[in-house]
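Biologist: I would like to learn how to read a structure of this kind. Please take me through it feature by feature.

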Amino acid sequence: MAENYFEVLRPGINTTFQDNGRKNYYHIGIPFSGAMDNRNFVIANAISNNKKNNPVIEFALQGPKLRYKGDKVYFNVTGDVNFQILRKNKIEEGVCYQNLVLENNDCLDLISTNRSVYGYLSINASFKIDFYLDSYSVNTKAEIGANNGKILQKNQIIKIENITKKYSLNKLDYINSKIENIRVIKGPHFDYFSKTAKDLFFKEKFRITKLTDRMGIRLDGPKIENIKYTNIKSEGLVKGTIQITADGDPIVMLSDHGTIGGYPKIGVVISADYDKLVQIPPGSKVKFKEINLKDAETIYKLYEMETQNLISKTK
Amino acid sequence: MIKNISNLGDAALYCDFGNDVNREINLNVIQFFKNIKKSNIPGITNITPSYNKLIISFDLNITNFDKIKTEVEQLNFKNEIVNEGNLIKIPVCCDNDFALDIKRLEKLLNLEKEEIYKKFFSKKYYCYMTGFIAGMPFLGDLNDSLYARRLDTPRVKVPKNSIGLTEQFCNIYTFESPGGWNIIGKTPLDIFDNKNNTSPNLINPGDTISFFQISKLEFEKKYG
(Lines give C-alpha, C1' and ligand atoms only; values in the text may rest on other atoms or scores of the structure.)
Protein backbone atom coordinates (compact mmCIF):
# COMPACT_ATOMS: atom_id res chain seq x y z
CA MET A 1 0.00 0.00 0.00
CA ALA A 2 1.25 3.42 -0.84
CA GLU A 3 0.53 5.22 2.37
CA ASN A 4 -0.21 4.24 5.94
CA TYR A 5 -2.12 6.62 8.13
CA PHE A 6 -4.67 7.24 10.87
CA GLU A 7 -7.69 9.38 10.12
CA VAL A 8 -8.90 11.21 13.24
CA LEU A 9 -12.65 10.54 13.56
CA ARG A 10 -12.76 12.00 17.08
CA PRO A 11 -9.78 13.88 18.48
CA GLY A 12 -10.46 13.37 22.22
CA ILE A 13 -10.19 16.07 24.85
CA ASN A 14 -6.47 16.75 24.95
CA THR A 15 -4.58 14.43 22.63
CA THR A 16 -0.97 15.26 21.82
CA PHE A 17 2.26 13.71 20.58
CA GLN A 18 4.78 13.36 23.39
CA ASP A 19 8.25 11.95 23.89
CA ASN A 20 10.36 12.47 27.01
CA GLY A 21 10.36 16.23 26.53
CA ARG A 22 12.88 18.98 25.88
CA LYS A 23 15.78 19.99 28.09
CA ASN A 24 17.72 23.20 28.52
CA TYR A 25 15.10 25.73 27.39
CA TYR A 26 13.64 26.85 30.74
CA HIS A 27 15.66 30.05 30.46
CA ILE A 28 13.74 31.09 27.34
CA GLY A 29 10.39 30.17 28.82
CA ILE A 30 9.98 26.64 27.47
CA PRO A 31 9.22 23.88 29.99
CA PHE A 32 10.08 20.16 29.75
CA SER A 33 6.69 19.03 28.44
CA GLY A 34 6.94 15.32 27.54
CA ALA A 35 4.70 12.43 28.56
CA MET A 36 2.99 13.23 31.86
CA ASP A 37 3.22 9.68 33.20
CA ASN A 38 6.76 8.73 32.27
CA ARG A 39 6.48 5.10 33.45
CA ASN A 40 3.54 4.33 31.19
CA PHE A 41 5.31 6.13 28.34
CA VAL A 42 8.48 4.02 28.58
CA ILE A 43 6.52 0.80 28.99
CA ALA A 44 4.52 1.60 25.82
CA ASN A 45 7.75 1.95 23.85
CA ALA A 46 9.24 -1.18 25.41
CA ILE A 47 6.24 -3.27 24.36
CA SER A 48 6.53 -1.82 20.83
CA ASN A 49 10.28 -2.62 20.72
CA ASN A 50 10.79 1.06 19.98
CA LYS A 51 13.59 3.30 21.12
CA LYS A 52 13.11 4.54 24.67
CA ASN A 53 12.32 8.08 23.56
CA ASN A 54 10.04 7.32 20.59
CA PRO A 55 7.09 9.74 20.40
CA VAL A 56 3.66 8.31 21.31
CA ILE A 57 0.12 9.64 21.32
CA GLU A 58 -0.92 10.79 24.78
CA PHE A 59 -4.60 11.27 25.55
CA ALA A 60 -6.45 12.52 28.60
CA LEU A 61 -9.77 11.21 30.01
CA GLN A 62 -11.47 10.77 26.64
CA GLY A 63 -9.12 9.50 23.96
CA PRO A 64 -9.29 9.72 20.17
CA LYS A 65 -11.13 7.48 17.72
CA LEU A 66 -8.87 6.64 14.81
CA ARG A 67 -9.47 4.87 11.51
CA TYR A 68 -6.43 3.03 10.23
CA LYS A 69 -5.54 2.80 6.55
CA GLY A 70 -2.60 0.82 5.28
CA ASP A 71 -0.49 -2.28 5.84
CA LYS A 72 -0.99 -4.29 9.01
CA VAL A 73 0.56 -2.55 12.02
CA TYR A 74 1.03 -3.54 15.67
CA PHE A 75 0.25 -1.20 18.52
CA ASN A 76 -0.27 -1.16 22.27
CA VAL A 77 -2.08 0.99 24.79
CA THR A 78 -0.79 1.69 28.31
CA GLY A 79 -2.44 3.23 31.33
CA ASP A 80 -5.83 2.20 32.65
CA VAL A 81 -7.77 2.54 29.42
CA ASN A 82 -11.13 1.32 28.18
CA PHE A 83 -10.84 0.82 24.41
CA GLN A 84 -12.22 -1.15 21.49
CA ILE A 85 -11.04 -2.22 18.08
CA LEU A 86 -13.81 -2.08 15.50
CA ARG A 87 -12.99 -4.64 12.84
CA LYS A 88 -14.85 -5.57 9.68
CA ASN A 89 -17.36 -7.88 11.30
CA LYS A 90 -16.75 -7.62 15.00
CA ILE A 91 -15.97 -5.40 17.92
CA GLU A 92 -13.01 -6.46 20.00
CA GLU A 93 -12.49 -5.28 23.59
CA GLY A 94 -9.02 -3.82 24.01
CA VAL A 95 -6.47 -5.10 26.50
CA CYS A 96 -3.76 -2.73 27.74
CA TYR A 97 -0.07 -3.62 27.88
CA GLN A 98 0.07 -6.01 24.96
CA ASN A 99 0.77 -5.84 21.24
CA LEU A 100 -2.41 -5.91 19.15
CA VAL A 101 -2.91 -5.60 15.43
CA LEU A 102 -4.64 -3.06 13.21
CA GLU A 103 -5.53 -3.92 9.62
CA ASN A 104 -6.70 -1.69 6.81
CA ASN A 105 -10.02 0.06 7.69
CA ASP A 106 -10.01 -1.04 11.37
CA CYS A 107 -11.03 1.61 13.88
CA LEU A 108 -9.31 2.10 17.21
CA ASP A 109 -11.66 3.73 19.71
CA LEU A 110 -9.81 4.90 22.84
CA ILE A 111 -13.03 5.46 24.74
CA SER A 112 -11.84 6.65 28.14
CA THR A 113 -9.35 6.26 30.94
CA ASN A 114 -10.68 4.50 34.04
CA ARG A 115 -10.35 6.40 37.35
CA SER A 116 -7.17 7.93 35.93
CA VAL A 117 -6.23 10.71 33.50
CA TYR A 118 -3.58 9.79 30.91
CA GLY A 119 -3.22 6.91 28.50
CA TYR A 120 -0.65 6.20 25.77
CA LEU A 121 -0.83 4.75 22.28
CA SER A 122 2.38 3.42 20.81
CA ILE A 123 2.81 1.78 17.38
CA ASN A 124 5.53 -0.57 16.09
CA ALA A 125 6.32 2.09 13.49
CA SER A 126 6.92 5.84 13.49
CA PHE A 127 4.57 8.75 13.20
CA LYS A 128 5.60 11.17 10.46
CA ILE A 129 5.78 14.29 12.62
CA ASP A 130 8.00 17.33 13.16
CA PHE A 131 10.79 17.78 15.64
CA TYR A 132 11.36 21.15 17.27
CA LEU A 133 14.05 22.17 19.77
CA ASP A 134 15.25 18.60 20.37
CA SER A 135 11.82 17.05 20.89
CA TYR A 136 8.56 15.98 19.25
CA SER A 137 6.57 16.93 22.35
CA VAL A 138 3.66 19.24 21.70
CA ASN A 139 3.53 22.38 23.81
CA THR A 140 0.23 24.03 22.90
CA LYS A 141 1.05 27.20 24.83
CA ALA A 142 4.17 28.01 22.78
CA GLU A 143 2.70 26.32 19.68
CA ILE A 144 5.77 24.14 19.21
CA GLY A 145 6.53 20.47 18.57
CA ALA A 146 4.75 17.93 16.38
CA ASN A 147 1.43 18.75 14.67
CA ASN A 148 2.34 22.49 14.65
CA GLY A 149 2.15 22.50 18.42
CA LYS A 150 -1.55 21.67 18.43
CA ILE A 151 -3.79 19.03 19.97
CA LEU A 152 -5.24 16.49 17.52
CA GLN A 153 -7.97 17.91 15.29
CA LYS A 154 -11.03 16.17 13.90
CA ASN A 155 -10.51 14.76 10.38
CA GLN A 156 -6.76 15.29 10.36
CA ILE A 157 -4.44 12.62 8.98
CA ILE A 158 -1.53 11.14 10.93
CA LYS A 159 0.99 9.61 8.56
CA ILE A 160 2.81 6.46 9.61
CA GLU A 161 6.11 5.10 8.27
CA ASN A 162 8.75 2.46 9.03
CA ILE A 163 6.26 -0.26 9.95
CA THR A 164 7.90 -3.23 11.64
CA LYS A 165 6.66 -6.37 9.96
CA LYS A 166 7.83 -8.73 12.67
CA TYR A 167 5.35 -9.43 15.42
CA SER A 168 6.52 -10.00 18.94
CA LEU A 169 4.17 -11.07 21.66
CA ASN A 170 5.37 -8.49 24.15
CA LYS A 171 3.03 -8.05 27.04
CA LEU A 172 2.98 -7.11 30.67
CA ASP A 173 0.71 -7.91 33.58
CA TYR A 174 0.53 -4.60 35.32
CA ILE A 175 -2.05 -2.78 37.36
CA ASN A 176 -1.54 0.94 37.93
CA SER A 177 -1.67 1.41 41.68
CA LYS A 178 -3.50 4.49 42.89
CA ILE A 179 -2.22 6.77 45.62
CA GLU A 180 -3.86 9.30 47.88
CA ASN A 181 -0.82 10.42 49.87
CA ILE A 182 1.51 12.64 47.89
CA ARG A 183 4.98 13.00 49.41
CA VAL A 184 6.36 16.52 49.51
CA ILE A 185 9.68 18.14 50.39
CA LYS A 186 9.32 21.53 52.09
CA GLY A 187 9.89 24.48 49.74
CA PRO A 188 12.02 27.62 50.16
CA HIS A 189 9.04 29.71 51.36
CA PHE A 190 7.61 27.19 53.82
CA ASP A 191 7.96 29.69 56.66
CA TYR A 192 5.85 32.31 54.87
CA PHE A 193 2.84 30.43 56.23
CA SER A 194 1.28 30.46 59.68
CA LYS A 195 1.76 27.57 62.09
CA THR A 196 -1.90 26.63 61.65
CA ALA A 197 -1.59 26.79 57.86
CA LYS A 198 1.47 24.52 57.84
CA ASP A 199 -0.37 22.00 60.01
CA LEU A 200 -3.46 22.15 57.79
CA PHE A 201 -1.34 21.63 54.69
CA PHE A 202 -0.09 18.25 55.94
CA LYS A 203 -3.23 17.19 57.80
CA GLU A 204 -6.20 18.02 55.61
CA LYS A 205 -7.31 16.63 52.27
CA PHE A 206 -7.35 18.75 49.12
CA ARG A 207 -9.65 18.17 46.18
CA ILE A 208 -8.29 18.18 42.63
CA THR A 209 -10.52 20.65 40.78
CA LYS A 210 -11.53 20.70 37.12
CA LEU A 211 -9.02 23.52 36.56
CA THR A 212 -6.39 20.90 35.93
CA ASP A 213 -4.46 20.20 32.74
CA ARG A 214 -0.93 19.54 31.48
CA MET A 215 0.17 22.88 32.96
CA GLY A 216 -0.97 22.37 36.50
CA ILE A 217 -3.40 21.18 39.14
CA ARG A 218 -5.52 23.64 41.07
CA LEU A 219 -6.51 22.30 44.48
CA ASP A 220 -9.42 23.16 46.70
CA GLY A 221 -9.38 22.77 50.47
CA PRO A 222 -8.67 24.76 53.61
CA LYS A 223 -7.10 28.17 52.87
CA ILE A 224 -3.36 28.29 53.54
CA GLU A 225 -2.75 31.55 55.36
CA ASN A 226 0.33 33.52 54.38
CA ILE A 227 1.84 35.63 57.16
CA LYS A 228 4.69 37.18 55.18
CA TYR A 229 4.29 38.07 51.48
CA THR A 230 1.65 36.66 49.16
CA ASN A 231 3.82 37.62 46.19
CA ILE A 232 7.54 37.09 45.72
CA LYS A 233 9.83 38.45 43.02
CA SER A 234 9.18 36.02 40.16
CA GLU A 235 11.60 33.11 40.06
CA GLY A 236 12.06 29.73 38.39
CA LEU A 237 9.77 26.76 38.94
CA VAL A 238 10.17 23.03 38.48
CA LYS A 239 7.72 20.20 37.84
CA GLY A 240 5.89 19.34 41.04
CA THR A 241 6.34 22.74 42.72
CA ILE A 242 3.37 23.62 44.93
CA GLN A 243 2.71 27.36 45.01
CA ILE A 244 0.12 29.01 47.24
CA THR A 245 -1.89 31.71 45.43
CA ALA A 246 -2.81 35.02 47.05
CA ASP A 247 -6.22 33.47 47.77
CA GLY A 248 -4.57 30.69 49.80
CA ASP A 249 -5.14 27.84 47.35
CA PRO A 250 -2.38 25.40 46.37
CA ILE A 251 -1.48 24.95 42.70
CA VAL A 252 0.87 22.19 41.56
CA MET A 253 3.07 22.84 38.52
CA LEU A 254 2.98 20.05 35.93
CA SER A 255 4.98 19.29 32.78
CA ASP A 256 3.78 22.27 30.64
CA HIS A 257 4.02 24.82 33.49
CA GLY A 258 4.99 28.47 33.12
CA THR A 259 8.74 28.55 33.71
CA ILE A 260 8.67 31.35 36.28
CA GLY A 261 6.12 32.34 38.87
CA GLY A 262 5.54 34.85 41.61
CA TYR A 263 3.73 32.88 44.32
CA PRO A 264 5.54 31.44 47.36
CA LYS A 265 6.53 27.78 47.10
CA ILE A 266 5.34 25.76 50.10
CA GLY A 267 6.78 22.49 48.82
CA VAL A 268 7.72 20.24 45.91
CA VAL A 269 6.24 16.82 45.11
CA ILE A 270 8.96 14.14 45.10
CA SER A 271 10.01 12.78 41.70
CA ALA A 272 8.87 9.24 42.59
CA ASP A 273 5.27 10.36 43.13
CA TYR A 274 4.91 12.52 40.01
CA ASP A 275 3.65 9.82 37.59
CA LYS A 276 0.97 8.80 40.06
CA LEU A 277 -0.02 12.34 40.99
CA VAL A 278 -0.79 13.31 37.38
CA GLN A 279 -3.04 10.25 37.05
CA ILE A 280 -5.39 11.31 39.86
CA PRO A 281 -8.59 12.51 38.18
CA PRO A 282 -10.40 15.77 39.01
CA GLY A 283 -12.84 15.37 41.90
CA SER A 284 -10.51 13.06 43.87
CA LYS A 285 -8.86 14.10 47.10
CA VAL A 286 -5.19 14.03 47.96
CA LYS A 287 -3.21 14.43 51.15
CA PHE A 288 0.33 15.80 51.40
CA LYS A 289 2.90 14.01 53.51
CA GLU A 290 6.20 15.59 54.50
CA ILE A 291 9.39 13.73 53.65
CA ASN A 292 13.09 14.62 53.73
CA LEU A 293 15.47 14.80 50.78
CA LYS A 294 17.45 11.64 51.60
CA ASP A 295 14.32 9.49 51.85
CA ALA A 296 12.98 11.02 48.61
CA GLU A 297 16.21 10.07 46.81
CA THR A 298 16.02 6.49 48.08
CA ILE A 299 12.36 6.17 47.12
CA TYR A 300 13.16 7.47 43.64
CA LYS A 301 15.89 4.84 43.18
CA LEU A 302 13.43 2.11 44.14
CA TYR A 303 10.77 3.55 41.83
CA GLU A 304 13.21 3.65 38.91
CA MET A 305 14.36 0.07 39.60
CA GLU A 306 10.75 -1.02 39.59
CA THR A 307 10.20 0.72 36.22
CA GLN A 308 13.29 -0.98 34.75
CA ASN A 309 12.05 -4.30 36.10
CA LEU A 310 8.67 -3.78 34.41
CA ILE A 311 10.42 -2.97 31.12
CA SER A 312 12.45 -6.18 31.28
CA LYS A 313 9.26 -8.15 31.93
CA THR A 314 7.69 -6.94 28.68
CA LYS A 315 10.05 -9.03 26.55
CA MET B 1 27.52 36.22 44.47
CA ILE B 2 25.53 33.22 45.70
CA LYS B 3 24.38 33.68 49.29
CA ASN B 4 22.98 30.23 49.77
CA ILE B 5 22.31 26.98 47.89
CA SER B 6 19.44 24.79 49.02
CA ASN B 7 17.30 22.12 47.40
CA LEU B 8 14.07 22.72 45.52
CA GLY B 9 12.46 19.32 45.78
CA ASP B 10 14.70 16.31 45.08
CA ALA B 11 15.81 17.24 41.56
CA ALA B 12 16.82 20.92 41.63
CA LEU B 13 19.21 23.39 43.27
CA TYR B 14 17.86 26.72 44.52
CA CYS B 15 20.63 29.32 44.35
CA ASP B 16 19.85 32.51 46.21
CA PHE B 17 21.62 35.74 45.20
CA GLY B 18 19.66 38.05 47.53
CA ASN B 19 16.25 39.65 47.78
CA ASP B 20 16.67 42.94 45.93
CA VAL B 21 15.94 43.46 42.26
CA ASN B 22 18.73 45.39 40.61
CA ARG B 23 21.06 45.11 37.68
CA GLU B 24 24.12 44.21 39.71
CA ILE B 25 22.56 41.18 41.40
CA ASN B 26 20.93 40.13 38.13
CA LEU B 27 24.23 40.35 36.23
CA ASN B 28 25.71 37.99 38.82
CA VAL B 29 22.85 35.58 38.20
CA ILE B 30 23.31 35.78 34.42
CA GLN B 31 27.07 35.36 34.65
CA PHE B 32 26.60 32.32 36.85
CA PHE B 33 24.00 30.96 34.43
CA LYS B 34 26.36 31.31 31.45
CA ASN B 35 29.27 29.76 33.30
CA ILE B 36 27.27 26.77 34.56
CA LYS B 37 26.06 26.21 31.00
CA LYS B 38 29.67 26.17 29.82
CA SER B 39 30.83 23.86 32.61
CA ASN B 40 28.91 20.83 31.27
CA ILE B 41 28.35 19.34 34.72
CA PRO B 42 26.79 15.93 34.01
CA GLY B 43 23.10 15.53 34.70
CA ILE B 44 22.00 19.18 34.48
CA THR B 45 18.72 19.35 32.54
CA ASN B 46 17.72 23.02 32.90
CA ILE B 47 18.96 26.28 34.36
CA THR B 48 16.51 29.09 35.07
CA PRO B 49 17.86 32.55 35.84
CA SER B 50 15.47 35.15 37.30
CA TYR B 51 15.86 38.56 39.02
CA ASN B 52 17.88 37.25 41.95
CA LYS B 53 17.64 33.45 41.95
CA LEU B 54 18.99 30.65 39.77
CA ILE B 55 17.39 27.24 39.68
CA ILE B 56 19.36 24.27 38.37
CA SER B 57 17.33 21.17 37.53
CA PHE B 58 19.03 17.82 37.23
CA ASP B 59 18.33 14.22 36.27
CA LEU B 60 18.09 12.03 39.38
CA ASN B 61 19.17 9.02 37.33
CA ILE B 62 22.55 10.65 36.73
CA THR B 63 23.33 12.75 39.79
CA ASN B 64 21.90 14.01 43.08
CA PHE B 65 21.66 17.14 45.21
CA ASP B 66 24.84 16.68 47.29
CA LYS B 67 26.95 15.81 44.28
CA ILE B 68 25.81 18.64 42.09
CA LYS B 69 25.92 21.20 44.91
CA THR B 70 29.59 20.34 45.51
CA GLU B 71 30.35 20.56 41.79
CA VAL B 72 28.69 23.96 41.52
CA GLU B 73 30.47 25.26 44.63
CA GLN B 74 33.83 24.07 43.36
CA LEU B 75 33.58 25.85 40.02
CA ASN B 76 35.91 28.80 39.91
CA PHE B 77 34.66 31.58 37.68
CA LYS B 78 37.08 34.35 38.62
CA ASN B 79 38.66 34.70 35.22
CA GLU B 80 35.53 34.26 33.17
CA ILE B 81 34.33 37.21 31.12
CA VAL B 82 30.64 37.90 30.73
CA ASN B 83 29.52 38.46 27.17
CA GLU B 84 27.89 41.84 26.85
CA GLY B 85 24.21 41.62 25.91
CA ASN B 86 22.88 42.89 22.58
CA LEU B 87 21.11 46.19 21.93
CA ILE B 88 17.74 45.50 20.32
CA LYS B 89 15.35 48.10 18.90
CA ILE B 90 11.65 47.33 19.12
CA PRO B 91 9.01 49.30 17.15
CA VAL B 92 5.79 50.02 19.04
CA CYS B 93 2.48 51.33 17.72
CA CYS B 94 0.52 53.23 20.37
CA ASP B 95 -2.73 53.62 18.46
CA ASN B 96 -5.81 53.58 20.69
CA ASP B 97 -6.73 50.17 19.27
CA PHE B 98 -3.59 48.73 20.85
CA ALA B 99 -3.04 50.96 23.93
CA LEU B 100 -5.78 49.25 25.91
CA ASP B 101 -4.93 50.80 29.29
CA ILE B 102 -3.59 54.26 28.39
CA LYS B 103 -6.67 56.03 29.79
CA ARG B 104 -6.37 54.14 33.06
CA LEU B 105 -2.69 55.12 33.26
CA GLU B 106 -3.43 58.81 32.56
CA LYS B 107 -5.69 58.80 35.62
CA LEU B 108 -3.54 56.59 37.79
CA LEU B 109 -0.29 58.44 37.11
CA ASN B 110 -1.88 61.86 36.71
CA LEU B 111 -0.02 62.37 33.45
CA GLU B 112 -1.12 63.19 29.89
CA LYS B 113 -0.73 60.38 27.39
CA GLU B 114 1.98 62.32 25.49
CA GLU B 115 4.06 62.62 28.67
CA ILE B 116 3.66 58.93 29.44
CA TYR B 117 4.97 57.98 26.00
CA LYS B 118 7.75 60.56 26.12
CA LYS B 119 9.01 59.11 29.37
CA PHE B 120 8.56 55.53 28.16
CA PHE B 121 10.39 55.96 24.84
CA SER B 122 13.25 58.06 26.23
CA LYS B 123 14.76 55.22 28.29
CA LYS B 124 16.68 52.08 27.49
CA TYR B 125 15.66 48.93 29.33
CA TYR B 126 17.59 45.99 30.66
CA CYS B 127 16.31 42.42 30.24
CA TYR B 128 16.37 40.72 33.65
CA MET B 129 14.92 37.41 32.52
CA THR B 130 12.73 35.69 29.95
CA GLY B 131 10.01 33.19 30.63
CA PHE B 132 6.66 32.42 32.16
CA ILE B 133 5.43 32.00 28.59
CA ALA B 134 7.92 31.27 25.81
CA GLY B 135 10.20 34.22 25.13
CA MET B 136 8.45 36.80 27.34
CA PRO B 137 11.08 39.38 28.40
CA PHE B 138 10.94 41.08 31.82
CA LEU B 139 12.46 44.54 31.30
CA GLY B 140 13.33 47.42 33.60
CA ASP B 141 13.52 49.87 35.09
CA LEU B 142 10.85 52.38 34.11
CA ASN B 143 11.02 56.06 34.95
CA ASP B 144 9.61 56.08 38.48
CA SER B 145 6.73 58.40 37.53
CA LEU B 146 5.39 55.49 35.40
CA TYR B 147 5.09 52.97 38.25
CA ALA B 148 1.55 51.60 38.20
CA ARG B 149 -0.10 48.66 39.88
CA ARG B 150 -1.53 45.73 37.93
CA LEU B 151 -5.14 45.72 36.72
CA ASP B 152 -7.51 44.87 39.56
CA THR B 153 -8.98 42.10 37.46
CA PRO B 154 -6.49 40.56 35.03
CA ARG B 155 -7.53 40.25 31.37
CA VAL B 156 -8.43 36.73 30.31
CA LYS B 157 -6.73 37.37 26.97
CA VAL B 158 -4.01 39.93 26.42
CA PRO B 159 -3.42 40.22 22.64
CA LYS B 160 -0.16 38.77 21.32
CA ASN B 161 2.69 41.32 20.98
CA SER B 162 1.17 43.79 23.49
CA ILE B 163 3.57 45.94 25.53
CA GLY B 164 2.65 46.04 29.23
CA LEU B 165 3.79 48.01 32.28
CA THR B 166 3.63 47.29 36.00
CA GLU B 167 5.66 48.58 38.94
CA GLN B 168 9.21 49.24 37.67
CA PHE B 169 8.92 46.71 34.84
CA CYS B 170 7.66 46.39 31.28
CA ASN B 171 7.20 43.26 29.19
CA ILE B 172 6.04 41.99 25.82
CA TYR B 173 3.31 39.35 25.60
CA THR B 174 4.90 36.93 23.14
CA PHE B 175 1.67 34.92 22.92
CA GLU B 176 -1.96 35.66 23.64
CA SER B 177 -2.15 35.00 27.35
CA PRO B 178 -4.02 35.94 30.51
CA GLY B 179 -2.37 38.91 32.23
CA GLY B 180 -2.76 41.97 34.40
CA TRP B 181 -0.13 44.41 33.10
CA ASN B 182 -1.16 47.86 31.80
CA ILE B 183 -1.11 47.68 27.99
CA ILE B 184 0.29 50.76 26.20
CA GLY B 185 0.90 49.52 22.65
CA LYS B 186 1.79 46.69 20.35
CA THR B 187 4.86 45.67 18.36
CA PRO B 188 4.64 44.17 14.86
CA LEU B 189 7.77 42.06 15.59
CA ASP B 190 7.62 38.44 16.61
CA ILE B 191 9.65 38.30 19.81
CA PHE B 192 9.43 34.51 19.96
CA ASP B 193 9.72 32.89 16.53
CA ASN B 194 8.41 29.35 16.78
CA LYS B 195 9.65 28.59 13.26
CA ASN B 196 13.24 29.24 14.31
CA ASN B 197 14.74 25.98 15.50
CA THR B 198 18.02 27.32 16.85
CA SER B 199 17.43 30.61 18.68
CA PRO B 200 13.72 31.44 18.76
CA ASN B 201 14.14 34.24 21.33
CA LEU B 202 14.75 37.75 19.99
CA ILE B 203 15.49 39.11 23.47
CA ASN B 204 17.65 37.32 26.03
CA PRO B 205 18.62 38.03 29.66
CA GLY B 206 21.30 40.73 29.80
CA ASP B 207 20.22 42.42 26.55
CA THR B 208 19.35 46.12 26.33
CA ILE B 209 16.12 47.19 24.67
CA SER B 210 15.11 50.52 23.21
CA PHE B 211 11.58 51.06 22.01
CA PHE B 212 10.64 53.49 19.23
CA GLN B 213 7.21 54.67 18.17
CA ILE B 214 5.66 53.90 14.78
CA SER B 215 2.34 55.02 13.28
CA LYS B 216 -0.57 52.70 12.61
CA LEU B 217 0.13 53.08 8.89
CA GLU B 218 3.73 51.92 9.36
CA PHE B 219 2.52 49.10 11.59
CA GLU B 220 0.10 47.89 8.90
CA LYS B 221 2.24 48.66 5.86
CA LYS B 222 5.35 46.98 7.08
CA TYR B 223 3.81 43.98 8.65
CA GLY B 224 0.11 43.80 7.70
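Predicted model: local features only at pLDDT ≥ 70, side-chain atom pairs only at ≥ 80, totals over all residues.

Biologist: How many residues of domain 1 of chain A are in contact with domain 2 of chain A?

Modeller: Count each side on its own. Domain 1 of chain A brings 21 residues, and these are in contact with 16 residues of domain 2 of chain A. On the domain 1 side, helix H1 (residues 38-47) of chain A gives the most, with five residues. By class, that side of domain 1 has nine nonpolar, eight polar and four charged residues.

Biologist: How is chain B divided?

Modeller: Chain B has domain 1 (4-74) and domain 2 (87-223). The C-alpha centres of these two domains of chain B lie 29 Å apart. Seven residues from domain 1 of chain B and six residues from domain 2 of chain B make up the contact. On the domain 1 side, helix H1 (23-39) and E3 of chain B each supply at least two residues. H1(B) has the largest share of that side, three residues. The side of domain 1 of chain B that touches domain 2 of chain B divides into three nonpolar, three polar and one charged.

Biologist: What about the two chains? How is the size of an interface often given?

Modeller: The size of an interface is often given as the accessible area lost when the parts come together. Here we count residues instead. The contact takes 34 residues from chain A and 38 residues from chain B. On the chain A side, strand E16 (235-236) and helix H4 (293-313) each supply at least two residues. H4(A) gives the most to that side, with five residues. The chain A residues that touch chain B comprise 16 nonpolar, 11 polar and seven charged.

Biologist: Take one residue as an example. Is Thr259(A) buried or exposed?

Modeller: Count the C-beta atoms around the residue; the cut-off for buried is 20 or more others within 10 Å. Thr259(A) has 28 other C-beta atoms within 10 Å, so Thr259(A) is buried. Thr259(A) lies in the loop between strand E18 (250-253) and strand E19 (260-261) of chain A.

Biologist: Which residues is Thr259(A) in contact with?

Modeller: Leave aside the neighbours within four places in sequence. The contacts of Thr259(A) then include Tyr26(A), Pro31(A) and Leu237(A), and also Thr48(B), Gly131(B) and Phe132(B).

Biologist: How do I read a sheet? What is the strand order in the open sheet of chain B?

Modeller: The order is E1-E2-E4-E3 (chain B), four strands with antiparallel pairing. Strand E1 (4-7) and strand E3 (44-49) of chain B are the edge strands, each pairing on one side only. From one strand to the next, the twist averages 20 degrees.

Biologist: How many bridges join E3(B) and E4 of chain B?

Modeller: E3(B) and strand E4 (residues 53-58) of chain B pair over five bridges, in the antiparallel sense. As one case, Asn46(B) has Ser57(B) in E4(B) as its bridge partner.

Biologist: Which helix lies across E1, E2 and E4 of chain B?

Modeller: Helix H2 (residues 65-74) of chain B does, lying across E1, strand E2 (12-16) and E4 of chain B. H2 of chain B runs at about 40 degrees to E2(B).

Definitions and conventions: Residues numbered from 1 in each chain as written. Chains lettered and ligands numbered in written order. Contact = placed C-beta atoms within 7 Å. Nonpolar A, V, L, I, M, F, W, Y, C, P; charged D, E, K, R; others polar. Pairing = 2+ DSSP bridges. Axes fitted to C-alpha atoms, helices over the stretch in contact; angles between N-to-C directions. Buried ≥ 20, exposed ≤ 12 C-beta atoms within 10 Å, placed from the backbone. Domains from an automatic or database assignment.
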